[in-house]
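This report describes selected features of one structure, shown below.

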Amino acid sequence: MIENIKIFEINARHALGKSGMAELDYAFNPYLGCLHGCRYCYAIDMSPSEASSNWGRTVFVRKNIITLLEREARTYKRGIVGMSTITDPYQSVEMKFRIMPKAIEILSRNGFYVTIQTKSPLILKDIEILEKYRNNLDVGLTVTTIDRKVAALLEPYAPDPVKRLNALKKLTQRKIKTWLYLGPIVRGLNDNI
Ligand code: SF4
């Protein structure tokens, strides 16, 4: 956990948002802002100003999101849910709030397909639930470089890239569908991998 972070708890109006990505029907974002603080993150401009102006050190927790999701998962048309599209669902605050295992359970029980993308080995905390619903989900880990100096420049507070790869391996060994997102590529920094 990094120091001097600000955590705000807010109420969301919806749990599932329409996704702008062609391959997804819905986006599920339990947090706004992201404590990984990646320099290249496109979500900076899509986050509350308090988070974007203090990127990587401020996060908003959508504390009622599971209550909303229970209702929406029963009534919304089934589809593919991206977790998450403008935050990292397994950033360090997830240790405390533990939104993800409940969300995976609710969506899977109600027939939605879940695709998870993270930079954090914290996802291994949920390996049993991921195994239970392995036919209904896949997990991607993002790595931009395994050079720790370059990673520190690009993603100052994100987990060690080698630990991410190890997490991916463990998930794969447990027969969970996995993928690696290698990017973004930044000219002069990580374009030699
Ligand atoms: S982990 Fe993802 S959401 Fe978080 S700052 Fe990095 S790119 Fe943005």
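## Nonpolar surface patch

I185 is located in the segment after β9; strands are DSSP runs of E with at least two residues, helices runs of H or I with at least four, both numbered from the N terminus. This is a predicted model, in which local features need pLDDT of at least 70 and side-chain atom pairs pLDDT 80 or more, while totals for chains, interfaces and linings use all residues. Residues are numbered from 1 along each chain as its sequence is written, and side-chain values use heavy atoms, leaving out hydrogens and water.

I185 is partly exposed, because its relative accessibility is 49% (buried is under 20%, exposed over 50%, partly exposed in between; 1.4 Å probe, protein chains only). Together with I146, V162, L165, L180 and L182, I185 makes a nonpolar surface patch of about 500 Å². At least two patch residues come from each of α7 (161-173) and β9 (178-182).

## S108 in helix α4

Helix α4 (residues 100-109) contains S108. S108 is buried because its relative accessible area is 6%. A polar atom of the S108 side chain lies 2.8 Å from the backbone oxygen of I104. Beyond neighbours within four places in sequence, S108 contacts V114, Y133 and N136 (heavy atoms within 4.5 Å).

How values were computed. A polar contact is a pair of N or O atoms within 3.5 Å; within protein, one must be able to donate a hydrogen and the other to accept it, and residues adjacent in sequence count only if both atoms are side-chain atoms. Patches are made of residues with over 30% relative accessible area and no salt bridge: like charges are joined within 9 Å, nonpolar side chains (Val, Leu, Ile, Met, Phe, Trp, Tyr) within 5 Å. Accessible areas come from the Shrake-Rupley method with a 1.4 Å probe; for residues, only the protein chains shown count as cover. A salt bridge is a side-chain nitrogen of Lys or Arg within 4 Å of a carboxyl oxygen of Asp or Glu.
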